[in-house]
2 protein chains.
Amino acid sequence: MEGILLSVTIKDIAAAVGLSTASVSRILNGRGRYSAASAKRVQAAAAELGYFKNRSAADLASPQQRRTIGVINYLAATNANDQVIQGILAEARERDVEVTIMYAQRDNQASITRVVKSMIERQVFAVLFLSVRPDQTVVDTLRQARIYPQEVASASDLNISSVSSDDFQIGYQATDLLLRRGYRRIAFVGADPQKDIIGRYRYAGYTAALQAYDVTPAKEWLFIGDGQYSYHSGLAAVTDFSEHPQTAVDAVFATSDDTALGIVNGLYDLGRPFSPGSLAVIGVDGSSTCTRARPQLSSMTQSFDLIGRTAVAEAVHAGDQVDQIKRIEIPFTIEERQTTPTKK
Amino acid sequence: MEGILLSVTIKDIAAAVGLSTASVSRILNGRGRYSAASAKRVQAAAAELGYFKNRSAADLASPQQRRTIGVINYLAATNANDQVIQGILAEARERDVEVTIMYAQRDNQASITRVVKSMIERQVFAVLFLSVRPDQTVVDTLRQARIYPQEVASASDLNISSVSSDDFQIGYQATDLLLRRGYRRIAFVGADPQKDIIGRYRYAGYTAALQAYDVTPAKEWLFIGDGQYSYHSGLAAVTDFSEHPQTAVDAVFATSDDTALGIVNGLYDLGRPFSPGSLAVIGVDGSSTCTRARPQLSSMTQSFDLIGRTAVAEAVHAGDQVDQIKRIEIPFTIEERQTTPTKK
């Protein structure tokens, strides 16, 4: 899919269907006279070849004239994303810009490409990627179309601006809290330190904090699960730890609140509900999951509202500087609730 | 706000700023020559008067030519809405129509009116209201603009189509289940039977089921709370029941899963966590809250995916028949989990 984005022309379609470029242009622009049969063939060819209305630089409104920000959200969106979106909408309202939200599958470039095409056609001036990871081709395509690309609530290795939390510090501070509460055999659950950048930074923070206490993590303390920060990974980790008692972890740094909930529910399902003295656990996000769970979950609380607001402010400031790359880190807080008591 | 929608003309703006209608038209359409100072005044007046580009019938594309459905969602959207949206997106993809989602405050007509204006400008062919209640003026305005209005996942007293569950049967079947499990003193928690139509139907079903068992509900068994089907209402109900032991309810029909979670968490917070023999509870929705809670919540499970899909199918079928009123009820299922054991 990547190669053809922005590259299919009216000429290509004309060649494919055996009509003149003038006829194809009339059909695609819905102007002048043409037969229904030709229109059908042209539209089929356009769809098949991946054509979309290609705006030349001259044809395109300047970023200052465009007033809409596009947000690409993840299909199975989390609670955390809802908070970011509320921040985006609030800031957009104050700055009098409009917001269009569309959904894509997380790591599916074909799905992301389709949505990005639609965003370009809508003449947005910026596209915010929310838990959706574009590849470099998509990023470059947006810049060609004079649209500012920005990752929100996550950062990647791409050459693209981002607004997110400092994930090394999230890992460090969470682990440090558990150490200060007396725990030493601390597991890392739910993210893959090899495969994604957030997991990598949080894991680096986790090991650095352990090192400061002269603790060397055993390899059994790392439980990746599906590597998607999921509830399911938390549940599965508890089963795994209970089946390998020699692992004997006494606390868990869960890489999301969902994963932390999985830990607490896993204990319940084993018939040993959480109590001070059982596995301590701290999550990440500060979503409503924390206060709706019993026990209530301690969490590294990200400022999602501020992340959303800052993303909009940065996109507006960037204006025509679509090539600018700025990585902004937003402070987080530590919220202790019922799952990090002092070790008995 | 209602009166002015669609009614402010270029003439009104011209009169307000003391320019000719031709000048105002040039400025609003961004064509021809005008000074920046005039443009500023015109735009300020247009914003103040609530002007938006008013399309005459001739100017408007027919519903068949328009390919976008607008969805107006509630700002603090629930998990249930996410499921409806996934159904909407899936059906839209299959039918090759686009979806634009915007957010409004639940019962705030000014907020809803702003979003509806924007939907009209985007030339959508239908607007789906998701947990957002338009007033009759908004509904009429959409029809004038040849846009099909439809309530989704809720129904109201307005003259508007809807796709939702049969709320009388939800109330009846939930209460009947608790009766069959041996409970008799069954509370109704979280919705207001006087103030909203869903609450009214569920309450009617609840009383009808009790009547079939010759049970007359005491007035203390009705706990409305904030009447918003909220988690908080469930928490507050438990406190209320514990402070009035003479009420002595033995089960709760919670009008949402969130409210049911509030009941279970309220028991935990009183130091008497749920156990067979404590208060039984059944919720409504079948959201992921049910399986993420411990104990897992029994629930009247709505078919949100099918509701979303049907809403799109109906909007596409309606086509030009924007005045059509069709109320569709989608079947639900009863999912028993851990909170409705047989009474001890």
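Tutor: Start with a term: two strands count as paired if DSSP finds at least two bridges between them. Keep in mind that this is a predicted model. Strands of a sheet pair through backbone hydrogen bonds, either parallel or antiparallel.

Take chain B. Strand β9(B), residues 280–285, pairs with strand β10(B), residues 298–301. The sense is parallel, over four bridges. One bridge to find by eye: B:Gly283 has B:Ser299 in β10(B) as its partner. Helix α8(B), residues 197–212, packs on this sheet. The helix touches β6(B) (186–189), β7(B), β8(B) (251–254) and β9(B). Its direction makes about 175° with that of β6(B).

Now step back to the whole sheet of chain B. It is open, with six strands in the order β7-β6-β8-β9-β10-β12 and mixed pairing. At the edges stand β7(B) (222–223) and β12(B) (333–335), each pairing on one side only.

Turn to chain A. Its open sheet has six strands, ordered β7-β6-β8-β9-β10-β12, and the pairing is mixed. The edge strands are β7(A) (222–223) and β12(A) (333–335); each has a single partner strand, so one side of each is left without a neighbour in the sheet. For β12(A), look at strand β10(A), residues 298–301: the two pair in the antiparallel sense over three bridges. There, A:Thr301 stands opposite A:Thr333 of β12(A).

Finally, find helix α7(A), residues 167–180. This helix lies across β6(A) (186–189), β8(A) (251–254), β9(A) (280–285), β10(A) and β12(A). It runs at about 165° to β8(A).

Key: Residues numbered from 1 in each chain as written. Chains lettered and ligands numbered in written order. Predicted model: local features only at pLDDT ≥ 70, side-chain atom pairs only at ≥ 80, totals over all residues. Heavy atoms only, no water. Contact = heavy atoms within 4.5 Å. Axes fitted to C-alpha atoms, helices over the stretch in contact; angles between N-to-C directions.
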